[in-house]
Amino acid sequence: MPLVLVTGATGFIASHTIADLLAHGYHVRGTVRSFAKAADHAALKALPGASERLELLEAQLLDPHGFDKAAEGCDAVLHMASPYVMDVTDPQKDLVDPAVQGTVNLLKSAAQAPSVKRVVVTSSMAAITDEPEADHLLTEADWNTKSSLTRNAYYYSKTMAERAAWSFMDEAKPAFDLVVINPFLVIGPSLTKALNTSNKVFADIVKGQYPAILALTWGFVDVRDVARAHVLALETPSASGRYICAADTVSMRDVVGILREALPSARKLPSFGLDHGFGTSLMRLAALTQPPGVGSYLRSHLGRVPRYDNKKIRTELGLTFRDVRKTIAETANDLVAWGHIKLR
Ligand code: NAP
């Protein structure tokens, strides 16, 4: 079976993707930032098939030759390592540099390995838009042109990294082809103890960190479907371009309802509704008092319902999506099981 390199192996999406690859018989080489995070490596090493078919290497995103050794002899590469945090002190250094330089360094290393036939980069819906508009159905033809270092800097890092990947393909013309997956908010049970930024949304709601029900609507996708999408992108010879990877949208009001049902003893779920015109204006003002990452996210998303077309990934890769409402409930229970939510 082919050897697949997965960067950022300890990550939420990467660990599920490695589980999927191992379950389908692949050999996997994962890169980690540091061997010091022994607990997360142990979770990977405990996956079925890992003892025979998973090896881990250290590799740094900012090292120009960081992935040379890792890419050697691989048939395909899944590039997933990238900082996924909303609030940082220095957006250029903490988000954009590792995202962009890491992607280019990875692609350069892959280009030096003649065995690599396909690279799949995990981009994001963040590279498609940071301000969904009600009258516009988003497709793979859309690009986020609004984010910057001071407005939704994480979104900017993902947009710049994906643009850098396509520019590399145009300029360097490597022997492999590039496929990009653009997931929306990825949720689901975690294989490691780490609390992912996307699942943290639910933990924050349950802990009472949202003052009220806001006019927020998220596009969700189950982490196991995102893992499957990446494997299908490797296995489908005709796969090309970008793929929006998102199941359904769910409003915060509905998320709160699902969480209430899944965790009946949760006491701090918001019940007061500010998900109307006046509430949205009020919250846009209140967002000015939030840290920059959270504040710019709220200002560009409050009162906006994303509309997107996920037909390309369903028809070209044959991906089917789980019911994200069930995933939200499952995630809530998983957050309790890992100790991220304490109900008593
Ligand atoms: P995650 O759990 O935080 O995983 C990110 C991975 O990247 C981790 O392995 C992390 O290593 C590594 N990483 C981060 N910064 C790094 C740095 N400066 N140097 C080296 N490694 C670094 O997040 P995830 O949700 O699985 O994200 C995986 C990919 O999917 C990312 O590219 C993210 O942008 C993208 N994505 C995520 C979502 C979502 O909703 N979760 C949606 C769309 C796209 P450590 O474990 O050592 O920190």
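K173 is exposed in this predicted model, with a relative accessible area of 64%. You will find K173 in the loop between helix 6 and strand 6 (177-183). Its phi is near 45°, a positive value in a residue other than glycine. That is worth a look, because most residues other than glycine have a negative phi.

**Backbone: N152**

- N152 has a phi near 45°, again a positive value in a residue that is not glycine.
- The loop that holds N152 runs between strand 5 (118-122) and helix 6 (153-172).
- Is N152 buried or exposed? N152 is buried, because its relative accessible area is 3% and the cut-off for buried is under 20%.

**Helix 1 with helix 8**

- The axes of helix 1 (residues 12-23) and helix 8 (residues 223-235) come within 8 Å of each other, crossing at roughly 60°.
- The two helices are therefore oblique to each other, and the crossing of helix 1 and helix 8 is right-handed.
- On the helix 1 side, the contact uses F12, I13, H16, T17, D20 and L21.
- These meet V223, R224, V226, A227, R228, H230, V231 and L234 on the helix 8 side.
- Sorted by class, the residues of this contact are eight nonpolar, three polar and three charged.

- L234 sits in helix 8 and, at 16% relative accessibility, counts as buried.
- Which residues does L234 touch, not counting those up to four places away in sequence? They are V4, L21, A76, L78, R118 and V120.
- L21 of helix 1 is also one of the residues in the contact of helix 1 with helix 8.
- L234 and G49 are 185 residues apart in sequence, and their C-alpha atoms are 19 Å apart in space.
- A229 is found in helix 8 as well, and it counts as buried because its relative accessibility is 0%.
- Leaving aside neighbours within four places in sequence, A229 is in contact with I181, C245, I313, L317 and L319.

**Helix 9 with helix 13**

- Helix 9 (residues 252-262) and helix 13 (residues 324-337) have axes that come within 9 Å and cross at roughly 50°.
- That angle makes helix 9 oblique to helix 13, and helix 9 passes helix 13 in a right-handed crossing.
- Helix 9 contributes D254, V255, I258, L259 and A262 to the contact, while helix 13 contributes R325, I328, A329, A332 and N333.
- By class, the contact of helix 9 with helix 13 has seven nonpolar, one polar and two charged residues.

**Cysteines**

- How many disulfides does a search of the whole structure find? The search finds zero.
- C74 is buried, with a relative accessible area of 0%.
- C245 is buried too, with a relative accessible area of 0%, and it is among the residues in contact with A229.

Definitions and conventions
Residues are numbered from 1 along each chain as its sequence is written. This is a predicted model: local features need pLDDT of at least 70, side-chain atom pairs count only at pLDDT 80 or more; totals for chains, interfaces and linings use all residues. Side-chain values use heavy atoms; hydrogens and water are left out. Axes are lines fitted to C-alpha atoms, for helices over the stretch in contact, and angles run from 0 to 180 degrees between N-to-C directions. Helices (H or I, at least four residues) and strands (E, at least two) are DSSP runs, numbered from the N terminus. Angles under 35 degrees count as roughly parallel, over 145 as roughly antiparallel, 65 to 115 as roughly perpendicular and the rest as oblique. A crossing is left-handed if the near helix is turned anticlockwise from the far one by less than a right angle, and right-handed if clockwise. Contact means heavy atoms within 4.5 Å. Ala, Val, Leu, Ile, Met, Phe, Trp, Tyr, Cys and Pro count as nonpolar, Asp, Glu, Lys and Arg as charged, and the others, Gly among them, as polar. A disulfide is a pair of cysteine sulfur atoms within 2.5 Å. Buried means under 20% relative accessible area, exposed over 50%, partly exposed in between (1.4 Å probe, protein chains only).
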